[in-house]
Amino acid sequence: MSTLVIVESPTKAKTIRNYLPSGYRVEASMGHIRDLPSSAEEIPAEYKGESWSQLGVNIEKDFEPIYVIPKGKKKIVTTLKQAIKEADELILATDEDREGESISWHLMELLKPKMPVKRMVFHEITKEAIQKALKNCRNIDENLVHAQETRRILDRLFGYTLSPLLWKKISRGLSAGRVQSVAVRLLVQREQERRAFQSASYWDLKAFLEKDKKNPFEAKLISLTGQKIATGSDFDDKTGKLIKGKKVVLLNEAEAIALKARLEGKTWTVTSTEEKATTRKPSPPFTTSTLQQEANRKIGLSAQETMRTAQNLYENGYITYMRTDSVHLSDQAITAARSCVEQMYGKDYLSPAPRQYKTKSKSAQEAHEAIRPAGESFRTPKETGLSGRELSVYELIWKRTVASQMADARLTQLTVNLEVEDAGFRSSGKRIDFPGFFRAYVEGSDDPEAAIDNQEVLLPALVKGDHPNCKKIESLGHETQPPARYTEASLVKTLEQEGVGRPSTYASIISTIRDRGYAQIRNKALIPTFTAFAVANLLEKYFSDLVDTKFTSKMEQTLDEIATGEAKWLPYLEKFYLGELGLQSQVKLKETEIETSESKAIILEGLNATVKIGKFGPYIEKKQGEEVVTASIPPDLTPSDLSPEQIENILRQKIEGPDQLGVDPETLSPIYMLTGTYGPYVQLGEITEENKKPKRSSLPKEVKPEDMTLEIALGLLSLPRLLGTHPETGAKIKAALGRFGPYVVHDQGKEGKDYRSLKKEDNVLTVTLERALELLAQPKRARGASKTAKEPLKALGNHPEDNEPINIYNGPYGDYIKYQKTNVGIPEGETVETMTLEKALVLIAQKAGTKKTTAKKTTAKKATTTAKKTTTTRKKKE
């Protein structure tokens, strides 16, 4: 008897094949084999004349979807049809979620098998899991299929009905989406809050004290004449202004400086001390959403990169299924995690009883598991043989899962209150009495051991009545900060908290937002564009429900109810789309109300000009006398960047022509400063019939247009600069400015080119051959990888056991020895100069022994610079 097993991807097929009996054939469907038509070309001929044909859904016949086989899938379908002829049994082993259930249903509908059919589900690809799943096959779950199909139809109706309206009223090529449009509105709302925010300043004092001429500590001003000093929490986070009714002392710069002068040289007295015991519990294992958030924070991966990597790990049998909103762990997983804790950290680090976490999401299915390492026992990251991004993500999952079964961290919060004259100061510290799960996992840190050291802030032993010595007082100014922009991590968190969409779709939604030009990413922040403002404004004004988080969340709940059979899919679609209040009627009605000129205009607070969306992008429109002047806005300029000064500069260049910086002494041609499509640049000469492409150079990021001089412009136009030749190859070495900033290149012709980016301290116009050779001698780092660690004060040598380097570094709290992830402070009586490799080995061994045997931390805070682990992108099928 032969059995055909169908899964989604070749990688999954290859892995699962190892765990199936002989006589089983595994084929991949490459995802969905059928879908709604993606273009007019794919619409079957018999439907092309129908009014609803562009939707791909027959809204006149119970919302019947028109499924077609995409061009790229026809060969796969042929292979599957041939394979099914040679089989006696069919097993559909697609993923266990709604999408997987839908793929299995489509395979059944298309292949029409005449032999027995089974549905096999599993959440990890291991021998035990596959063999267990084979014994527990079931039928296709029709409720899950209906839920997925309803979601797909709903998204199609939403997008294909609203998007054409955006084309007509704003610009072609725009798209609307049920979750996408809500996410765009969130980005725009946050940017509007930032533009409306008015920064306020406040001042305080910081004192640097010591006890007995040693044991330094810091204290901050908290009160004056018994009244609280204003801090950031006393200001409205939306307006930036002091909250009305707050009874606080708001110091300005002059008052802070005067107070500092008055307190200098005065006697300081400890008025009270307090030690308060606290505990920290470990976070639950990862869900899809929390994995995306933490991978973005720790490794710098986008949501899409995280999901691609996780999919690859799942399909190769390293982790459990990565699309889940459950934090539940099976008994087997808890046993495996607790075994890891006991083996690696000792029994003291185990939680007293197995921890089981409760999922907060209403729609989560506890039958599903959190994302964890696969198998009955967990392979450590080193045991997997993984590397690069796969290793980083696996290590993240492994640490989080293991930490979830560890003991609480026990800490003591330390507080010392002091008084000098009529001013009250406070010093706050923290002692880690028992690190517990911190040993394995600290949120936001790549290095748990370093993070433990960094979290600890020890204070000297002080008692009421002590008079510590004040060495220095600083006056510090602060500015209230506008609400932070969304990052991928914080947007994912907000969408999940609001119940908008499914975590498994967030990666593709954020990718669409970027690809459609609704947002740019700068330093991880998602910054909405002018197009995003125009689209969000139109949808919010005329279709407010559709971009309201509560309304969209209710839609999600209904879809979940359809999945469990609690709600009917057809009445829901009819109510949403048809009738007087349905989407179809509302779009037709609103189309006549919406003025095209109004929908293209964006009113930004504080600007005396109008921004509009045109055929070729955003532009400024302003009335100058009787004339209306327009000028294009560079695409890398966003609403967050646009100021009245920039508007005046762009319009002035349009009216008066570009600014002339001077004349090139060699060609006697004028050199202009212009702002173009990709930002500011300098240009040699004018555009003429003879000189259609004059030489140009973009400005380096650190050079502002207002700081541009003729000398700098001449240097930029002279790029690339020939620095000399390489002493070993004789090939040319040049300095130049490229898309990713300034760089040097070792050009060996047919042998290839070797590039290195210049550092912050380097200048592309003055960098020397010697410096270029020094950079080229350094190991090449993948783009996006973390920066090279800081230079050591002294290299002591390598550890005799593993040949890893042992170095001395300087940190905020003194010099320390670093070996791998172990940091040891230099003992009293020793210096950088007197420290040797032998002495360091003893200290490292003592620190390692302390970590394994004692529950109490005694070392002071050491700061270390930890490089983020990022690797070059490898494209994998998601």
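## Basis

The model is predicted: local features need pLDDT of at least 70, side-chain atom pairs count only at pLDDT 80 or more, and totals for chains, interfaces and linings use all residues. Residues are numbered from 1 along each chain as its sequence is written, and side-chain values use heavy atoms, with hydrogens and water left out.

Helices (H or I, at least four residues) and strands (E, at least two) are DSSP runs, numbered from the N terminus.

## An open sheet

The order β16-β17-β18-β19 describes an open sheet of 4 strands with antiparallel pairing. Two strands pair if DSSP finds at least two bridges between them. At the edges are β16 (601–602) and β19 (627–632), each pairing on one side only. Strands of a sheet pair through backbone hydrogen bonds, either parallel or antiparallel.

Strands β17 (residues 610–614) and β18 (residues 617–624) run antiparallel and are joined by 5 bridges. Thr610 stands opposite Glu621 in β18.

## Helices across the sheet

Helix α16 (residues 530–542) lies across β16, β17 and β18. Its direction is at about 90 degrees to β17. Helix α21 (residues 644–656) lies across β18 and β19, at about 105 degrees to β19. Contact means heavy atoms within 4.5 Å. Axes are lines fitted to C-alpha atoms, for helices over the stretch in contact, and angles run from 0 to 180 degrees between N-to-C directions.

## Helix lengths and a cap

The expected span of a helix is 1.5 Å times one less than its number of residues. Helix α5 (residues 142–169) has 28 residues, so it should span 40 Å at 1.5 Å a residue; its end C-alpha atoms are 40 Å apart, which agrees. Asp141 caps the N-terminal end of α5, with a side-chain oxygen 3.0 Å from the backbone nitrogen of Asn143.

Helix α6 (residues 180–196) has 17 residues and reaches 25 Å between its first and last C-alpha, close to the expected 24 Å. Its buried residues (under 20% relative accessible area, 1.4 Å probe, protein chains only) include Gln180, Val184, Leu187 and Glu191.

Most residues other than glycine have a negative phi, and most peptide bonds are trans. Leu719 and Pro720 are joined by a cis peptide bond, with omega about 0 degrees. Pro720 sits in the loop between α22 (710–717) and β24 (721–725).

Met30 is not a glycine, yet has a positive phi of about 60 degrees. Its loop runs between β2 (24–28) and β3 (57–58). Met30 is partly exposed, at 30% relative accessible area; that class lies between buried and exposed (over 50%). Thr225, also not a glycine, has a positive phi of about 50 degrees. Thr225 is in the loop between β8 (214–224) and β9 (227–228), and is exposed at 59%.

Note on methods:
A polar contact is a pair of N or O atoms within 3.5 Å; within protein, one must be able to donate a hydrogen and the other to accept it, and residues adjacent in sequence count only if both atoms are side-chain atoms.
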